[in-house]
Amino acid sequence: MLKKTCAALLLCGTFTSPAFASEKLTLVLDWYINPDHAPIMVADQIGAFKAEGLDVKIIPPSDPSLPPRLVAAKQADLAITYQPQLHFFADEGLPLVRVGTLINSPLNTVITLDKSITSPAGLKGKKIGYSVSGIEQATLNTMLQQENISLKDTHLINVNFQLSSALLAGQVDAVIGGYRNIEAQELKLQGKDPVVFNVEDYGVPAYDELVIVANRDNVNAIKVKKFLTALKKGNDYLQAHPDASWQLFAKAHPELNTELNHIAWQKTLPLFAKDPAHLDVKRYEAYEQFLFDNKLIKKMTPVAQYAVELR
């Protein structure tokens, strides 16, 4: 009975829509719609955006590198991107400012199926698959240094985003870049019992995985604050009614109604930012320093230039 009631609430809209015309806002996602976007989808489901006087257009990108640059060019109001990428954009001088956080925990991990590897020290002499050069090497090297070894003690292989298949085929002994809520769960569905090392547990500064960026000129637009208010309502409802929210999401996107996505939906719940507007300045400073120390950015940029807390 409770599930049916929750689903009915979702269908009917929990919040009352305003009588006046809604203000249009365009949000470009980082990738196709998936469980990482649950608070956004639920905010839309329950009418939270409409209740704030917003008509939100949610757009999956044709190219995942484009969303922040569309915002920089003022061709979209907001975009979802990654905190690590935000530091690179700041280093480039792009007019992008983080205004909110969607997922405030790293998702990146090192994964292996070799039970003899009980810590990153066990990766010595092993073949490690990766997809993104630069940042993944710096992340892995930091983890290894915590165990008194370095990248030189391993064999890196670019598996071109085929992380799970490379592991399953025995092409590599471990991979870096697999998400704890996706690849780790995918391997379990394949009947495996992966060993997972979270990057932040081995010397890598914690960071926000997914953030929301606006153009610097539009940071203080009222509709941006309204969006964050609605997003919080969406996450609050999601946390209170995860199953009913999933059922409606699966109905709206039947192509995503898979066992893996259902598990990912559940595993990501505790990782969503409870207060999307909150900014942890020290966290951004620490990650900026990490990137600078690893020569991935040319200069240290003050956090205030690329991230704000809107209230």
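Me: Are Phe197 and Tyr202 buried or exposed?

Reply: Buried means under 20% relative accessible area and exposed over 50%, with partly exposed in between (1.4 Å probe, protein chains only). Phe197 and Tyr202 are both buried. This is a predicted model, in which local features need pLDDT of at least 70, side-chain atom pairs count only at pLDDT 80 or more, and totals for chains, interfaces and linings use all residues. Residues are numbered from 1 along each chain as its sequence is written, and side-chain values use heavy atoms, leaving out hydrogens and water.

Me: How many aromatic pairs does the structure hold?

Reply: Rings of Phe, Tyr and Trp (its six-membered ring) pair if their centres lie within 6.5 Å; planes under 30 degrees apart count as stacked, over 60 as edge-to-face and the rest as tilted. The structure holds nine such pairs. The ring centres of Phe197 and Tyr202 are 5.9 Å apart and the planes stand at 90°, so this pair is edge-to-face. For Tyr284 and Tyr306, the centres are 6.5 Å apart and the planes at 40°, so that pair is tilted. Tyr284 is buried, at a relative accessible area of 0%, and Tyr306 is buried at 1%.

Me: Which residues do ring pairs link into a cluster?

Reply: Tyr207, Tyr287 and Phe290 are linked in this way.

Me: Which residues does Ile212 touch?

Reply: Touching, or contact, means heavy atoms within 4.5 Å. Not counting residues up to four places away in sequence, Ile212 touches several residues, including Leu78, Val99, Phe227 and Leu231.
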